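Student: Before we start, please show me the sequence and the model. I would then like to go through the packing inside the chain.

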Amino acid sequence: MTVTLADVAARARVSPATVSRVLNGNYPVAASTRERVLRAVDDLDYVLNGPASSLAAATSDLVGILVNDIADPFFGIMAGAAQTQIGGPGDGSGRAGGEKLAVICNTGGSPERELTYLTLLQRQRAAAVVLTGGAVENPAHQAAMAAKLAKLADGGTRVVFCGRPPLPEGDALVAALAFDNRGGGRRLTEHLISLGHRRIGYVAGPPERTTTRHRLEGHREALRAAGLDGLTAGDGTDGTGGPAADDDRLVVHGPYDRRSGYEATLELLRRAPDVTAIVAANDTVALGACAAVRDQGMRIPQDISVAGFDDLPFSVDAVPALTTVRLPLFEAGARAGRLAMGKENPPPGGIATIAAELMIRGSTAAPRG
């Protein structure tokens with residue numbers, strides 16, 4: 001025989017409305033009453049009808065977390081941190097009383113998959129959506145994203161960006177937590193210049209990503225400030241659509257993975273064998289760069305310095321330990337989770353820039369000679 005909400009109410013000696021409030025977590029209930037209701041739920045093994053509940057309410061118990069690649073620690077750390085805040089009280093009882101079900105949606109970096117997952121979450125009346133990582137800078141995709149997020153918001157879904165800037169148009173967001181990639185890139189290159197490096201190669205990420213552009217812009221700012229304008233977009237332009245100023249041999253674009261770091265570094269060394277330092281798009285790319293440097297018979301940092309970005313957990317264990325830029329990935333993910341659950345007020349204007357910290361370790365040193 002199917003146990004109904006009315007059965008739980010009778011067992012707990014409360015009204016059906018009180019049971020609903022406890023299970024949905026959408027209204028304050030006295031602790032003793034909440035405990036009595038949850039005990040009745042356990043005793044009767046009552047299971048809430050999720051689809052029916054989501055039709056009756058504005059949203060369901062589902063929260064979507066979109067990532068490019070869950071196997072990449074950059075995304076895994078943020079997604080895991082967000083889930084700690086989405087899962088609810090976490091008292092270890094196994095009870096369901098206001099918690100949400102976090103679902104990780106792995107887009108593989110595909111703009112089309114990103115939109116598809118948002119459509120699926122819209123159909124499920126998701127309570128919230130957290131989108132992590134950089135965005136694709138394509139006007140058509142940005143317009144489609146703005147329209148889709150507006151529909152989600154109109155349906156009661158809370159939308160939070162974590163590690164990505166807000167869209168050029170559209171105000172459907174609860175908040176956008178954007179990393180200071182530009183500032184981090186500038187400080188990293190300033191560090192290398194301060195050591196005496198003048199020919200600095202750059203292994204960049206995919207050119208259509210906001211993260212790639214912002215980190216590269218910070219790098220260029222440091223070069224210009226030091227009178228070293230030897231880095232351009234690598235595509236015959238100055239990065240803003242104008243003609244390239246001078247030498248575009250010092251940058252190679254590729255995916256954010258180790259293989260790209262390895263192959264791009266070999267290409268950089270072929271183009272400009274006089275480089276004394278290489279900046280990688282992220283720490284994973286930096287590992288590939290280090291391997292390529294060693295395979296060419298060079299030492300790090302005695303012959304060439306290598307630096308990364310993100311300060312992923314393995315960075316300090318690399319040999320030598322990797323100089324990099326620390327992004328507070330766990331802290332940002334946890335904050336995004338709280339914002340998605342309405343546990344924290346949005347920042348002023350809905351936008352917060354999260355600072356990046358330079359971590360100087362053994363992989364960078366002054367050039368020899």
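**Aromatic rings and core packing**

Tutor: F74, F75 and F179 are joined into a cluster by ring pairs. Rings of Phe, Tyr and Trp (its six-membered ring) pair if their centres lie within 6.5 Å; planes under 30 degrees apart count as stacked, over 60 as edge-to-face and the rest as tilted. The model is predicted, so local features need pLDDT of at least 70, side-chain atom pairs count only at pLDDT 80 or more, and totals for chains, interfaces and linings use all residues. Residues are numbered from 1 along each chain as its sequence is written, and side-chain values use heavy atoms, with hydrogens and water left out.

Student: Why is the pair of F74 and F75 classed as it is?

Tutor: A pair of aromatic rings is described by the distance of the centres and the angle of the planes. For F74 and F75 the centres are 5.0 Å apart and the planes stand at 80°, so the pair is edge-to-face.

Student: Which parts of the chain does the pair of F74 and F179 link?

Tutor: The rings of F74 and F179 are 6.4 Å apart centre to centre, with 70° between the planes, and the pair is edge-to-face. Helices (H or I, at least four residues) and strands (E, at least two) are DSSP runs, numbered from the N terminus. The two residues are 105 residues apart, and the distant parts they link are helix α5, with F74, and strand β5 (residues 175–179), with F179.

Student: Are F74 and F179 buried or exposed?

Tutor: Buried means under 20% relative accessible area, exposed over 50%, partly exposed in between (1.4 Å probe, protein chains only). By that rule, F74 and F179 are both buried.

Student: How do helix α6 and helix α7 pack, and which word describes their orientation?

Tutor: Axes are lines fitted to C-alpha atoms, for helices over the stretch in contact, and angles run from 0 to 180 degrees between N-to-C directions. Helix α6 (residues 111–123) and helix α7 (residues 139–154) have axes 10 Å apart at an angle of about 10°. Angles under 35 degrees count as roughly parallel, over 145 as roughly antiparallel, 65 to 115 as roughly perpendicular and the rest as oblique. Therefore α6 and α7 are roughly parallel.
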